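Let's take a walk through this one together. Have the structure open and follow along.

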Amino acid sequence: MSERAGGRPTGARVASGGHGASGRHGGASRSPEGMWPPVSRRRKAGNLVFWLLCALALALVIAPTLWLAVDIIGKAVGNWQWNVLVTRTDQLQGGLLQPLLGTLVIASGAILIASIVSILTGMYLSEYATGPLRSVLRGAYEVLAGIPSIVLGLVGYVTLVVGLHWGYGLLPAVLVLSVLAIPYITKATESSLAQVPTSYREGADALGLPPSWTMRRIVLKSAVPGIVTGVLIATAIIIGETAPLIYTSNFSDVNPSLAHVTHLAVPSLPYMVYYFSFLAQPIKHANILSADAALVLLVFVLVLILLGRVIVAWSRRHAE
Amino acid sequence: MSTQADPAQPAEAAGPVRGRVDQAVVTAPHAATAGPVALTTAGLTLGFGTRTILSDVCVDVRRGAVTALIGPTGSGKTTLLRTFNRMNDRVSGYHRKGDVLLDGRSIWHPGVEVMELRRRIGMLFQRPNPFPMSIMENVVAGARAHRLVGKAGMKDVAEKHLTAVGLWGAVKDRLKDSPFRLSGGQQQLLCLARALAVTPEVLLLDEPTSSLDPAATQAIEELVRTLVPDITVIIVTHNLAQALRVADRTIFLNQGRMVENGETRQLFEHPAEEETAHYVAGRFG
């Protein structure tokens, strides 16, 4: 790369200096590319510097991700046994069964609630809200996206766990995580709806079709891939959230139970990563479980993101 | 077709706006020349925000005829056309004075349901805009939603209207396919079939051939002639030759004012207004 960038500008400068106004003919006699005015050395150097800065920025994004993934996989794979997925956690040993179930139940509940609220919110913002109301509402959920999750956890703790005397449990965890997911799904819904071509809506309006029909048969149908992708991304984000869980579900070694959604602490994988780690527990068994839990979460996130990609690719192919 | 409207309807329905009807009929220059009036605008002034697009427009549109709306860019042709089926109502900053009467009854009368109004006054846009569903579903979408046809009758309705626009032969084996694989002209014909399937009385065409090639343009123009006199057609066009070819009557708008309204030949060959003479001679716009 540097050889090319360093070598060619010299010749280019000679060409531009030597031929000036008649550069077209002179250049043509030297080489076929000479038809075009030569690129200055300065421009080439500028291009190279900018290219390097971009590559560096990309490396800065990718390096920590790779490092993290390699670290997690390195710690977990060496001691990996498939049966940890079905073995119960017993004190600081055993497997991941209860935390795994806990995470699945908490994440599903949170995404279910968040999806309903967010999709309706997104539809309202995109289709019905106008003027200042719309800006205020949009600002509100964008601010919500910026609130640190631990603050949301604390709010959940103060209002739900303590304020409503629910104690630690499934319900406060689900509610707090759903609040965390709402901005992402709302944003995805709103922007997918906004991308539905106006000509569809106009065509439907001009036929005198009711707005509900247009919404159901045309607008939502075109927006569904975008909304589903938003839901998957939101799931990937909340599934690894730890801070809110410290305040709301806490940890135990029982199975999550829909019959006891309050007053029963529920285990979860992110909490396990933190609580069983070498920072909290200087016990090898526990540390291995912590790494296993991290690996399972990493795989979850990866699968969710890949699924989102597949949906986007699929809908592109079928969009025409 | 419902174009053979009940003659008693205008008189009985005019009610609160009858005064304006009379005024409009009087101000329209060619009111006495031809058959019954389908649409009338009475002192229609309309704008968005601080801009006024139409000022004091008084025209009448003959039932069962093709009427062309011509005028330079920005003269308010499309705005006037979109007012007829109330497509402007929800544009921000929209304000209006005056009235539009369909069969003598205000289209903004509280008793008028906008969905039903738009079923009666159909529209075709500059660019074909089929829905993202199969060709067959496109044709019957409106008819199904307005409960003009049940599930069983869908195929018949699709065949009838696709045949009417001359598209049946080309698509009869691919009714389940996406309409986006059709050519632009075919897509526009499909949109026309879709508009016809809800049995409109009036059809608004907003430069329907501006994105089409000459052959497709000819197909659409020939089709437009077959729609009258069952359907009243209003066509916005930039193409004066097209107006001459398809329109029985022509309305010339300039800077939001109605300049002249009359028989197409009369208007092109012996315009009453100097502005019209300039425009049809290609001297401005």
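Start with helix 6 of chain A, residues 149-163, which bends by about 35° at Tyr157(A); the bend is the angle between axes fitted to the seven residues ending there and the seven starting there. Helices here are DSSP runs (H or I, at least four residues), numbered from the N terminus. Before going on, note that this is a predicted model, where local features need pLDDT of at least 70, side-chain atom pairs count only at pLDDT 80 or more, and totals for chains, interfaces and linings use all residues. Residues are numbered from 1 along each chain as its sequence is written, chains are lettered from A in the order in which they are written, and side-chain values use heavy atoms, with hydrogens and water left out.

Which residues of helix 6 of chain A are buried? They are Ser149(A), Leu152(A), Gly153(A), Gly156(A), Leu160(A) and Val161(A), buried being under 20% relative accessible area with a 1.4 Å probe, protein chains only. An α-helix has 3.6 residues a turn, so residues three or four places apart point the same way. The cover over those buried residues includes helix 7 (170-194) and helix 10 (243-248) of chain A. After helix 6 of chain A comes His165(A), with a positive phi near 55°.

Now for the chain pairing. In chain B, 27 residues are in contact (heavy atoms within 4.5 Å) with 19 residues of chain A. Met115(B), Phe131(B) and Pro132(B) supply 29% of the area that chain B buries against chain A, more than any other three residues; buried area is the accessible area (1.4 Å probe) that two parts lose on being put together, summed over both.

Key. Helix = DSSP H or I, 4+ residues; strand = E, 2+ residues; numbered from the N terminus. Buried < 20%, exposed > 50% of the residue type's maximum accessible area, 1.4 Å probe, protein only.
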